[in-house]
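Trainee: I have a new model to read. Can you take me through the features one at a time?

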Amino acid sequence: MTEVFLIRGARLEGGDAVDLLVEGGVLAEVGRSLSRTGATVIDADGLVALPGLVDLHTHLREPGYEASETVLTGSRAAAAGGFTAVFAMPNTSPVADTAGVVEQELALGETAGFVTVQPIGAVTVGQKGERLAELGAMADSRARVRVFSDDGFCVWDPLIMRRALEYVKAFDGVIAQHAQDPRLTEGAQMNEGAVSAELGLAGWPAVAEESIIARDVLLAEHVGSRLHVCHLSTAGSVDIIRWAKRRGVNVTAEVTPHHLLLTDELARGYDASFKVNPPLRREEDVRAVREGLADGTIDIVATDHAPHPAEAKACEWPAAANGMVGLESALRVVQLAMVDTGLLSWGDVARVMSRTPARIGRLTRHGTPLTAGQPASLVLYDAAPTRTFSKADLHGRSVNSPYLGRELPGEVRWTLHDGVVTVADGTLLDEPGVRT
Amino acid sequence: MRHLLETKNLARADALEILDVAEDMADTQQREVKKLPTLRGKTVVNLFFEDSTRTRISFEAAAKRLSADVLNFSAKGSSVSKGESLQDTAQTLQAMGADAVVIRHGASGAPRTLATSGWITAGVVNAGDGTHEHPTQALLDAFTIRKRTYGADSRGRDLTGVKVTIVGDILHSRVARSNVWLLNTLGAQVTLVAPPTLVPQDVSAWPVRVLFDLDDAIADEPDALMMLRIQLERMNAAYFPTEREYSRRWGLDARRLAALTADSMVMHPGPMNRGLEISAEAADSTRSTVLDQVTNGVSVRMAVLYLLLAGERGERNHDERGDAR
Amino acid sequence: MSARTVLHAADIARALTRISHEILESNKGPDGLVLLGIPTRGVTLANRIATLIGEFSGVAVPVGALDVTMYRDDLHRHPTRSPQRTSIPAGGIDGRVVVLVDDVLFSGRSIRSALDALQDIGRPAAVRLATLIDRGHRELPIRPDFVGKNLPSASDERVNVRLAEVDGEEFVTIEGADS
């Protein structure tokens with residue numbers, strides 16, 4: 001039995017203030033001057049109401065790497081960031097390449113209860129790039145997998161990529177490619193450019209991402225498949241996607257919050273908090289991906305939340321792991337980089353962080369409009385404050401964030417998942433729906 | 001000076017100070033008693049994660065000539081090969097009372113991570129980190145060039161107008177990088193020569209001229225020609241087709257040696273691949289500064305250790321007079 | 001600033017003349033002498049004494065500089081000092097009579113450092129000490145052989161020596177700690 005909430009005066013996707021009545025897990029009514037006896041009133045004056053955020057790219061690390069994160073701790077971090085659904089990448093141990101593992105992940109997410117955890121299945125067995133995994137079995141399983149990825153690794157063999165693209169058409173699946181030519185990036189540590197030349201760190205050239213994307217959009221066109229490009233990071237990649245969409249290729253692309261804000265200059269000083277794959281790029285690339293997100297060439301924001309234990313980051317750069325946690329900071333960074341700069345409206349934010357990722361992942365109960373009868377999965381966000389991001393803002397098991405000590409705007413005030421409160425009045429609850 | 005990590009940020013005044021103190025150190029090495037009591041009671045740890053007998057011995061000699069105690073830690077067969085982290089290794093040494101840590105590591109940036117991490121309070125000297133920097137090598141190279149050029153008149157002088165050409169695997173060379181920054185700071189003109197595959201993709205911001213042809217570079221009459229060691233593993237990663245081709249196009253052979261002007265010096269940081277990047281004639285000629293570089297290395301490292309350890313830990317003070325008697 | 005002048009330029013000149021004669025007298029002539037000044041002003045004084053000895057004896061006595069920074073026992077209590085140049089005249093110091101020259105003798109620690117430095121350079125037949133000012137307060141058993149002026153002082157007073165070649169002016173003053 002869920003609580004009845006009356007949300008008063010929320011600015012719907014940044015627009016006019018409305019009241020929302022939440023009952024039985026759905027939006028019972030949306031309008032002005034609503035009233036309801038027995039309802040818990042939430043004063044949302046000045047807050048922006050967005051559909052619950054959907055992250056198409058999260059690493060929950062369970063099974064196998066529970067020292068970094070578990071489905072429970074990752075779900076809590078997601079709820080704290082205003083998310084109501086996350087897609088869990090399969091680079092776990094064992095790899096999520098069978099129906100059994102994806103169903104286990106689904107169950108763990110349901111038990112945790114903070115967000116909807118939708119497993120992503122691996123494209124190839126063990127993500128080794130040699131043989132297709134049982135994609136059909138994963139699609140038919142209770143986890144109803146539709147997104148497949150070898151993320152962490154590139155599906156490099158063009159023949160395997162072709163087959164995968166073709167095969168998933170049978171169940172409306174999509175291949176999400178981590179575009180990185182392995183031969184051009186052996187031992188790579190950071191973006192190849194002026195900074196890497198100076199720092200003596202092996203370079204990860206932009207062309208290693210762009211050449212794979214170029215190949216994949218042509219393959220997708222040839223076989224008539226959907227393609228999704230993970231964590232797009234370079235100006236050249238944006239140009240290729242723009243060209244491909246003009247040709248009518250059914251391709252979607254995502255960008256991470258950190259690629260919207262941070263550059264490779266941060267590698268100076270060798271602080272591995274800034275080591276990530278794909279690496280932070282140049283100022284020109286940050287500008288290009290911002291424009292790409294603004295004009296729709298890039299369809300969504302996805303966090304690539306990648307937790308790592310302290311010893312994997314507090315060491316010399318070449319020995320450090322790649323990755324940043326990003327669930328708690330995502331909306332705030334998007335506000336800083338895109339809304340406060342006038343490139344996106346809050347309505348656009350709803351599109352790129354909720355509606356479109358849900359659509360790409362074929363997740364039906366998320367990214368839905370905030371209208372009567374729809375699921376009550378939403379976030380109430382205060383865009384006004386500016387606070388220094390600190391470990392107190394992190395709720396997962398790991399603290400490898402590049403924003404520690406940086407001023408970020410905004411604050412998630414309330415998150416509701418199917419009508420159940422997970423974040424109440426700025427505080428992440430210990431248990432969903434239970435407030436003391 | 002709290003640490004010496006790189007030459008990129010080494011100010012001209014500080015660089016000249018190191019070179020001039022090295023002159024004083026070099027003078028003491030001409031005496032019968034080559035030892036000075038200056039760093040008595042200080043402990044210098046050589047923390048070498050990469051094999052390097054020559055550099056380690058040079059630092060060891062420098063520390064011992066100043067009467068410091070030296071502890072040598074080499075990674076092979078140590079706890080590091082069993083997976084001990086840089087943090088734990090460094091803190092163990094600090095707990096044993098290290099005042100300075102001279103670190104050579106295969107990872108670019110490791111000395112900076114060590115110096116800024118808060119794990120240790122000892123001063124850090126970078127003895128070579130990955131492909132990033134090797135500041136004492138550049139300092140001894142600059143000292144050598146200055147000495148050969150100005151002789152007894154070297155003190156206080158920089159290298160304005162001196163033309164230095166560096167030849168070899170620039171992409172992977174920490175010696176090249178450190179020399180580029182330091183030589184530029186001291187006013188020298190730097191030219192780099194390499195096969196295109198061994199030049200970093202973007203050196204547009206570097207204060208250098210880049211050439212692919214060694215004969216053109218030699219025709220330009222450099223005052224110093226610095227040959228870098230070529231690692232044969234690079235051949236397997238397709239940086240150049242064969243040793244033979246590399247040697248023909250970028251090696252300092254007898255013909256090129258003869259084309260150098262009378263006063264030009266030939267340098268090499270060592271160890272040399274005789275017959276590959278440098279011919280035996282070039283290595284053994286009177287132009288060769290290779291052995292001077294080794295000798296000067298001890299003086300320069302004595303100067304660095306002195307400036308790092310002799311004073312109270314903290315701010316530098318250039319006051320030379322007003323001392324209490 | 002209550003600085004009191006204890007020596008004017010003429011006084012300094014007379015003192016150095018007397019010291020030069022005393023050195024020649026005690027050494028029974030100029031042979032075997034080597035003058036080593038302790039930087040900075042000790043070197044200036046050593047050069048002047050060498051010139052005077054040259055005038056009086058007709059012999060050019062070797063003169064050089066001995067920097068003692070590396071031999072000090074108090075390095076770690078001060079910010080890092082830059083060493084000055086040591087230059088030992090050709091012919092060295094073995095078997096010679098080395099006269100150390102300094103401007104102010106105070107605790108004696110600089111001279112102790114100088115003796116250690118000499119030991120690493122060679123084996124002089126004898127070492128003598130000439131100082132322009134002896135202000136007392138010795139902390140070690142060091143005594144000068146040739147003194148320009150004995151200057152009783154409080155240990156917290158400052159003795160300032162200025163020489164034309166180094167400072168552009170010429171005098172010796174003493175000033176109290178509260179000035």
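Trainee: How many residues of domain 1 of chain B are in contact with residues of domain 2 of chain B?

Mentor: First, a caution: this is a predicted model. Then the count. In chain B, 22 residues of domain 1 are in contact with 22 residues of domain 2. From the domain 1 side, helix 1 (12–28), strand 4 (123–129) and helix 12 (290–309) of chain B each give two or more residues. Helix 1 of chain B has the largest share, eight residues. By class, that side of domain 1 has eight nonpolar, seven polar and seven charged residues.

Trainee: Where do the bounds of the two domains of chain B fall?

Mentor: Domain 1 of chain B is assigned as 12–133 + 294–309, and domain 2 as 135–289. Their C-alpha centres lie 25 Å apart.

Trainee: Now the chain contact. How many residues does it take from chain B and from chain A?

Mentor: In general, the size of an interface is often given as the accessible area lost when the parts come together. Here we count residues instead. Chain B gives 21 and chain A gives 17. On the chain B side, helix 3 (86–95), helix 4 (110–116) and helix 6 (174–185) each supply at least two residues. Helix 4 of chain B has the largest share, with three residues. The chain B side divides into six nonpolar, 11 polar and four charged residues.

Trainee: Next, the backbone. Which residues does a cis peptide bond join in chain A?

Mentor: Read omega for this. The cis bond joins A:Glu62 and A:Pro63, with omega about 5°. A:Pro63 sits in the loop between strand 6 (53–58) and helix 1 (71–80) of chain A. Chain B has a case too: the bond from B:Gly270 to B:Pro271 is cis, with omega near -10°. B:Pro271 is in the loop between strand 9 (265–267) and helix 11 (280–284) of chain B.

Trainee: And phi. Is A:His231, with its positive phi, buried or exposed?

Mentor: Look at the value, then the surroundings. A:His231 is not a glycine, yet its phi is near 20°. It lies in the loop between strand 13 (227–229) and helix 7 (235–246) of chain A. A:His231 is buried, because 24 other C-beta atoms lie within 10 Å.

Trainee: What is the phi of A:Arg144?

Mentor: About 45°, again positive in a residue that is not a glycine. A:Arg144 is in the loop between helix 3 (135–140) and strand 9 (147–149) of chain A. A:Arg144 has 16 C-beta neighbours inside 10 Å, so this residue counts as partly exposed.

Definitions and conventions:
Residues numbered from 1 in each chain as written. Chains lettered and ligands numbered in written order. Predicted model: local features only at pLDDT ≥ 70, side-chain atom pairs only at ≥ 80, totals over all residues. Helix = DSSP H or I, 4+ residues; strand = E, 2+ residues; numbered from the N terminus. Buried ≥ 20, exposed ≤ 12 C-beta atoms within 10 Å, placed from the backbone. Contact = placed C-beta atoms within 7 Å. Nonpolar A, V, L, I, M, F, W, Y, C, P; charged D, E, K, R; others polar. Domains from an automatic or database assignment.
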